[in-house]
Amino acid sequence: MSNSIRRIAISTGGGDAPGLNAVIRAVVIAAANRGWECYGIREGFNGILFPERFAEGGLMRLTRERVRGIGHLGGTILGTTNKGNPLHFPIKMPDGTMREVDRTDEILEFFARKELDALVSIGGDGSLTIANVLHQKGLKVVGVPKTIDNDLDKTATTFGFDTAVAFATECVDRLHSTAESHQRVMVVEMMGRYAGWIALNSGISGSAHAILIPEIPFDLDKVAAKIRQRDQEGRMYSLVVVAEGANPTHGHRAVIEQAGVGHAERLGGIGEWVAKSLQELTGKESRVVVLGHLLRGGSPTSFDRLAALRFGAAAVRALDEGHSGIMVALAFPNVNYVPLEEVAGRMKAVPLDCDILQTGRDLGICFGDS
Ligand code: F6P
């Protein structure tokens with residue numbers, strides 16, 4: 001094979017997702033089988049930017065022994081962060097104002113100093129955008145698509161998504177009996193940022209009666225009409241799934257914290273508003289459940305675990321084959337490579353003509369638009 005790789009580093013960035021440890025395990029074992037050494041960078045790139053914060057230093061030596069038995073564990077043994085993006089790193093100016101600076105050169109210097117030949121960057125849009133810049137600056141980089149949100153383009157799915165959907169579906173399933181017993185409207189708010197994949201897939205699988213997603217601005221009168229119609233049919237309860245990024249036709253997305261220097265906007269609160277408004281509109285008692293970070297926890301499903309292991313092994317194969325600047329991607333039935341520049345900065349929203357959405361409509365689910 002055409003390369004001179006001997007030592008590689010792994011970074012896990014952004015929100016954690018079930019399957020991260022399985023990717024790490026696969027990368028380490030596949031690398032060890034080629035005689036390469038593996039190192040994990042702590043907390044995204046913090047291990048490089050702030051090595052003094054970590055008792056054992058910012059790099060963790062990853063051996064076969066170190067990754068034994070971690071494949072089924074949630075989270076990441078390396079730690080992660082969705083703050084302090086090295087491309088837009090926040091610093092305080094002498095006058096107290098905040099500014100963003102590009103610290104990616106420090107990462108390149110670190111790789112040169114530690115004689116690290118390549119990086120496997122496991123992350124979502126933010127991390128893969130950083131990975132693309134590092135590749136353009138000359139580092140050998142392969143990306144691995146992670147996010148519970150499934151909002152990355154050019155891969156059939158990201159790892160972490162299936163686990164989130166499985167748990168969300170179980171939650172919707174469990175709410176049917178309590179909603180029916182009390183003849184209530186139960187609203188379930190789910191993560192997913194600006195894409196409705198988790199809400200859509202779990203809402204349909206869990207037989208929700210209305211699903212509100214960012215891709216379809218909703219009119220609550222339409223949802224209230226659906227609830228009244230169910231009541232008239234003797235179905236005295238309703239389940240409404242709402243994605244955190246969903247927004248009413250005449251209103252705004254619900255935001256907990258505005259974007260600031262060094263951090264993105266935090267979404268949340270739409271479920272509370274939907275439940276309160278539906279109670280006013282229908283006269284029915286309504287309750288909200290916010291799944292929040294529960295969707296990021298737990299052991300990866302076998303689908304996510306296998307995807308993660310395949311991605312990790314493929315990332316090492318790609319480096320061994322001399323590739324850089326690519327992301328390993330699921331293109332059923334295989335894993336293929338796609339250029340990072342085709343992924344960075346793009347978001348995969350739910351296409352309005354996709355069959356999953358059409359399935360929901362055929363099943364009579366209300367999406368707040370008709
Ligand atoms: O991208 C993953 C995700 O869980 C989103 O669904 C959610 O909007 C966001 O991260 C939450 O971030 P934090 O962990 O900062 O609250």
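The points below go from the whole chain to single residues.

1. The model under discussion is predicted. A compact globule with 370 residues would have a radius of gyration near 21 Å, and the value of 22 Å for the protein agrees with this. Along the principal axes, the C-alpha atoms occupy a box of roughly 70 × 55 × 35 Å.

2. Secondary structure and contacts. The protein contains ten helices and 15 strands. Among contacts with a separation of 6 or more, 71% are between residues 24 or more positions apart.

3. Burial and surface. Buried residues make up 55% of the 370 residues. The accessible surface amounts to about 15,600 Å², and carbon and sulfur atoms contribute 49% of that area.

4. Charge. There are 40 positive and 43 negative side chains in the protein. The centres of these two sets are 5 Å apart.

5. Helix H3. Which residues of helix H3 (residues 104–113) are buried? They are Thr 104, Ile 107, Leu 108, Phe 110 and Phe 111. Viewed down the axis of H3, these buried residues fall within an arc of 160°, so they line one face of the helix. Ala 112 and Arg 113 are exposed on the other side of H3.

6. The cover over H3. The buried residues of H3 are covered by elements that include strand S1 (7–12), strand S2 (37–41) and strand S3 (59–62). Helix H2 (46–49), strand S6 (118–123) and helix H4 (125–136) are also included in this cover.

7. Glu 115. Most residues other than glycine have a negative phi. Glu 115 counts as exposed because its relative accessibility is 56%, the cut-off being over 50%.

8. Lys 154. A positive phi, near 70°, is also assigned to Lys 154, a residue other than glycine. Lys 154 is found in the loop between S7 and H5. With a relative accessible area of 36%, Lys 154 is partly exposed.

9. Thr 155. Is Thr 155 buried or exposed? Thr 155 is buried, its relative accessible area being 5%, where the cut-off is under 20%. The residue is found in the loop between strand S7 (140–145) and helix H5 (161–182). Leaving aside residues up to four places away in sequence, Thr 155 touches Pro 145, Phe 311, Met 327, Ala 329, Leu 330 and Lys 348.

10. The cis peptide bond. Most peptide bonds are trans. Phe 332 and Pro 333, however, are joined by a cis peptide bond, with omega at about 5°. Pro 333 is found in the loop between strand S14 (326–331) and strand S15 (334–339).

11. Ala 55. Where is Ala 55 placed? Its place is in the loop between H2 and S3. Ala 55 is exposed, with a relative accessible area of 88%. The C-alpha atoms of Ala 55 and Ser 177 are separated by 49 Å, and the two residues are 122 residues apart along the chain.

12. Backbone features to view in the predicted model include the positive phi of Glu 115, the positive phi of Lys 154 and the cis peptide bond between Phe 332 and Pro 333.

Note on methods: Residues numbered from 1 in each chain as written. Predicted model: local features only at pLDDT ≥ 70, side-chain atom pairs only at ≥ 80, totals over all residues. Heavy atoms only, no water. Helix = DSSP H or I, 4+ residues; strand = E, 2+ residues; numbered from the N terminus. Rg over C-alpha atoms; globule rule 2.2 N^0.38 Å. Buried < 20%, exposed > 50% of the residue type's maximum accessible area, 1.4 Å probe, protein only. Contact = heavy atoms within 4.5 Å. Areas by Shrake-Rupley, 256 points an atom, 1.4 Å probe, with all protein chains shown as cover. Lys, Arg positive; Asp, Glu negative; His and termini not counted. Charge placed at Lys NZ, Arg CZ, Asp CG, Glu CD. Arc of directions from axis to C-beta.
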